[in-house]
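The following paragraphs go through one structure step by step. Please keep the sequence and the 3D view open while reading.

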Amino acid sequence: KGWNGEGVAGTPAVDIPGWASDTTVADSGVETGYTPTDGLWTAFMMGSDPSIWQLTDYVMDAEDVFELQVDARSTGSAKTLRMMLFYDDAGSRVPLTLANATLTDAMQTFSLVFNVADSPDAIGKAIGVEFDNVTTGGESWLGMDNVRLLDLEGR
């Protein structure tokens, strides 16, 4: 459990490379055995836990068009996964675009497309991805795997 190497509720303090959350989670992290689509591990997110995010080192220019893809499903009453692309502005995450994906019990691929030309303030900034279980009404968990950020312009 956890993303930043903090160890939660007796689990080992192990960092999940590249991923972070703004506050300590109660019951989110990585696990095996929950229908991974790439490798052996999947991420799991509790609805009341904070979002997870990752900032890339890729600096955007006006010609970039990105597609964020993730495989996701409900693993325990989760209904909605929020996917977001953002840019970093001196340590602050500035949203570029977001979408809510409706989950089922079957793992499926969801995507979100963004054209940098539509947000000139993002040019010259690093792009990042963020995910959140925004299911309301009680405890819920979702599973995710195989996160991909593709530059559709082929660069």
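How many aromatic pairs does the count come to? The model is a predicted one, and the count comes to three aromatic pairs. One of them joins Trp-19 and Phe-131: the ring centres are 6.0 Å apart and the planes stand at 45°, so this pair is tilted. An angle over 60 degrees would have made a pair edge-to-face, and one under 30 degrees would have made it stacked. Trp-19 belongs to the segment before strand 1 (29-32), whereas Phe-131 belongs to strand 8 (residues 126-133), so the contact ties together parts that are 112 residues apart in sequence. Both Trp-19 and Phe-131 are buried.

Trp-53 and Phe-86 form another pair, with ring centres 6.4 Å apart and planes at 80°, so here the arrangement is edge-to-face. Trp-53 is in strand 3 (residues 52-59) and Phe-86 is in strand 5 (residues 80-89), so this pair ties together parts 33 residues apart in sequence. Phe-86 has a relative accessibility of 1% and counts as buried, because the cut-off for that term is under 20%. The ring of Phe-86 has a further neighbour: the charged end of Arg-93 sits over it, 5.9 Å from the ring centre.

An open sheet is formed by four strands in the order 3-8-5-6, with antiparallel pairing. Strand 3 and strand 6 (92-102) are at the edges and have a single partner strand each, so one side of each lacks a neighbour in the sheet. On average, and with direction ignored, neighbouring strands of this sheet are turned by 20° against each other.

Within this sheet, strand 5 pairs with strand 8 in the antiparallel sense over seven bridges. Met-83 stands opposite Phe-131 of strand 8, and Tyr-87 has Ile-127 of strand 8 as its bridge partner. Strand 5 also pairs with strand 6, again antiparallel, over ten bridges; Leu-85 has Thr-97 of strand 6 as its bridge partner. The hairpin of strand 5 and strand 6 has two residues between the strands, and in this hairpin Ala-90 takes a positive phi near 55°. Is strand 5 enclosed or open to the outside? Seven of its ten residues are buried, so strand 5 is largely enclosed by the rest of the structure.

Other pairings involve strand 9 (residues 141-151). Strand 2 (residues 41-46) runs antiparallel to strand 9 and is joined to it by four bridges, with Trp-141 of strand 9 as the bridge partner of Met-46. Strand 4 (residues 65-76) pairs with strand 9 in the antiparallel sense over nine bridges, and Gln-69 stands opposite Arg-148 of strand 9.

Strand 4 also holds Ser-74, which has 4% relative accessibility and counts as buried. What does the side chain of Ser-74 reach? It reaches the backbone nitrogen of Ser-77 at 3.4 Å, and a polar atom of the Ser-74 side chain lies 3.0 Å from the backbone oxygen of Ala-78.

The largest nonpolar core has 30 residues, and those that touch the most other members are Trp-3, Met-60, Leu-81, Met-83, Leu-85, Phe-131 and Met-144. Strands 2, 4, 5, 6, 7 (108-115), 8 and 9 each supply at least two residues of this core.

Terms used
Residues are numbered from 1 along each chain as its sequence is written. This is a predicted model: local features need pLDDT of at least 70, side-chain atom pairs count only at pLDDT 80 or more; totals for chains, interfaces and linings use all residues. Side-chain values use heavy atoms; hydrogens and water are left out. Rings of Phe, Tyr and Trp (its six-membered ring) pair if their centres lie within 6.5 Å; planes under 30 degrees apart count as stacked, over 60 as edge-to-face and the rest as tilted. Buried means under 20% relative accessible area, exposed over 50%, partly exposed in between (1.4 Å probe, protein chains only). A charge sits over a ring if NZ of Lys or CZ of Arg is within 6 Å of the ring centre and within 35 degrees of the ring normal. Two strands pair if DSSP finds at least two bridges between them. Axes are lines fitted to C-alpha atoms, for helices over the stretch in contact, and angles run from 0 to 180 degrees between N-to-C directions. A nonpolar core is a set of buried Ala, Val, Leu, Ile, Met, Phe, Trp, Tyr and Cys residues joined through side-chain atoms within 4.5 Å. A polar contact is a pair of N or O atoms within 3.5 Å; within protein, one must be able to donate a hydrogen and the other to accept it, and residues adjacent in sequence count only if both atoms are side-chain atoms.
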